[in-house]
Amino acid sequence: MVAGNWKMNLGLADAVRLASDVARETADDARAVTVAVCPPTIWLEAVAERVRTSGVALGAQDVHPEASGAFTGEVAPPMLREVGARYVIVGHSERRQLFGESSAFVAEKARAVLAAGMAPILCVGETLDEREGGDAEAVVLGQLAESLDGVALDDPAGLVVAYEPVWAIGTGRTATPDQAQTMHAAVRAALAERFGGGEKIEILYGGSVKPGNAAELFAQPDLDGALVGGASLDADAFAAIVAAARASL
C-alpha cells in the first residue's frame, strides 16, 4: 500500500489536477498495489470525483470520534464514509504534537472509523531524543497499545499501521532500512499478539520517503508500503514510489 498525505496543501484546481495525474500515472500499478490519496478535508468530494473510476482509493487526514453533535469545525466518520473515504489517518505525529492529541483520543478515533466501515491508518513514532535515549521501541509499542485500546477487529486487514519516526517527517532524514525493519518487526509481533493474524495487517513506513529510497525500504520483509508526505504532492514522484512498491512484490 502507498498512501499520499497531502497535509494542508493545494488549492482546489491543483488538488483536482494532482488527483487526475495520480490516477493516470498509477493506473497499471494500482491493480497490484493499494494506492490512496488523502487530500485536505475541504477537497475530499472534488478529489473523490476524479478518482472514483480509477484504482485510487480516497483517504481523509483526520476525523472526530463522535458521529454528530456540537463540535464546530469537526468532521464525523459517517460524513467521510458518505463522501467516499475508505481510509482515515489517525494519530499522526502532527496531531499528537501540535494539537495535543493523546493516544486515548486516538483510540476513540480508531474505534469510530472502524464502526463507520472504514480503515484507520494508525500512526506511531518516536522523537529523536527518544531514539537517541534508547527508548524508541518502548515508546512506539506503548503508543500502539494505548491507541488500540478497546479496538476489536473482525478482519485484521481492516487496520493499517504507519510507523513514522518523528525525526524523519519532513526533515529529509530517513530511518535506515535496518532501523525501519527492526521497528516494523516489533510492531508486527505486538499486533499478532493482540489480534492474531499479524501478517494480514499492513504496516507502512513514513518519513521522507522518496523515489530514491523507496525500493530499498520496500525490500525489507516487514515493510508493506509507505505513507508519503512531501513526495505525494508530485504525481511523478508519487507514481515512482508506487512503481517501486509493485516491483517489490
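These questions and answers go through a predicted model, in which local features need pLDDT of at least 70, side-chain atom pairs count only at pLDDT 80 or more, and totals for chains, interfaces and linings use all residues. Residues are numbered from 1 along each chain as its sequence is written, and side-chain values use heavy atoms, with hydrogens and water left out.

Q: How many disulfides does the rule give?
A: The count is zero.

Q: What makes Cys-38 and Cys-123 buried or exposed?
A: The relative accessible area decides: under 20% is buried, over 50% is exposed, and values in between are partly exposed, using a 1.4 Å probe and protein chains only. Cys-38 has 0%, so it counts as buried. Cys-123 has 1%, and therefore it is buried too.

Q: How do you know whether Leu-10 is buried, exposed or partly exposed?
A: Its relative accessible area is 30%, so Leu-10 is partly exposed.

Q: Where is Leu-10, and what is its phi?
A: Leu-10 sits in the loop between S1 and H1. Its phi is near 80°, a positive value in a residue other than glycine. The element names come from DSSP runs: helices are H or I of at least four residues, strands are E of at least two, and both are numbered from the N terminus.

Q: How do you know that the length of helix H5 agrees with its number of residues?
A: The expected span is 1.5 Å times one less than the number of residues. Helix H5 (residues 103-115) has 13 residues and should span 18 Å; its end C-alpha atoms are 18 Å apart, so the two values agree. After H5 comes Gly-117, with a positive phi near 85°.

Q: Which residues of H5 are buried, and what do they pack against?
A: The buried ones are Ser-103, Val-106, Ala-107, Lys-109, Ala-110, Ala-112 and Val-113. They pack against helix H3 (77-83), strand S4 (87-90), H4, strand S5 (119-124) and helix H7 (136-147).

Q: Why is Ser-103 called buried, and what does it touch?
A: Its relative accessibility is 9%, so Ser-103 counts as buried. Contact means heavy atoms within 4.5 Å. Leaving out residues up to four places away in sequence, Ser-103 touches Arg-96, Gln-143, Glu-146 and Ser-147.

Q: What makes Ala-119 buried, and which residues does it touch?
A: Ala-119, in strand S5, has 9% relative accessibility, so it counts as buried. Not counting residues up to four places away in sequence, it touches Arg-86, Tyr-87, Val-88, Val-113 and Gly-158.

Q: Why is Ala-214 called buried?
A: Its relative accessibility is 0%, so Ala-214 counts as buried. This residue belongs to helix H9 (residues 211-218) and touches Val-209, Ile-241 and Ala-244, apart from residues up to four places away in sequence.

Q: Why does Ala-237 count as buried?
A: Ala-237 has 16% relative accessibility, so it counts as buried. It lies in helix H10 (residues 235-247). Beyond its neighbours within four places in sequence, Ala-237 is in contact with Pro-211 and Ala-231.

Q: What is known about the largest pocket?
A: About 540 Å³ of space lies in it. Of its 18 lining residues, the closest to the centre are Thr-41, Gln-61, Asp-62, Arg-95 and Phe-99. On a 1 Å grid over the protein atoms alone, a pocket is an open set of points where a 1.4 Å probe fits, with protein on both sides within 12 Å along at least five of seven lines; lining residues have an atom within 4 Å of a point. Helix H4 (residues 93-98) gives the most to the lining, with three residues.

Methods
A disulfide is a pair of cysteine sulfur atoms within 2.5 Å. Grid points are joined across faces, edges and corners, and a volume is the space filled by probe spheres set on the points.
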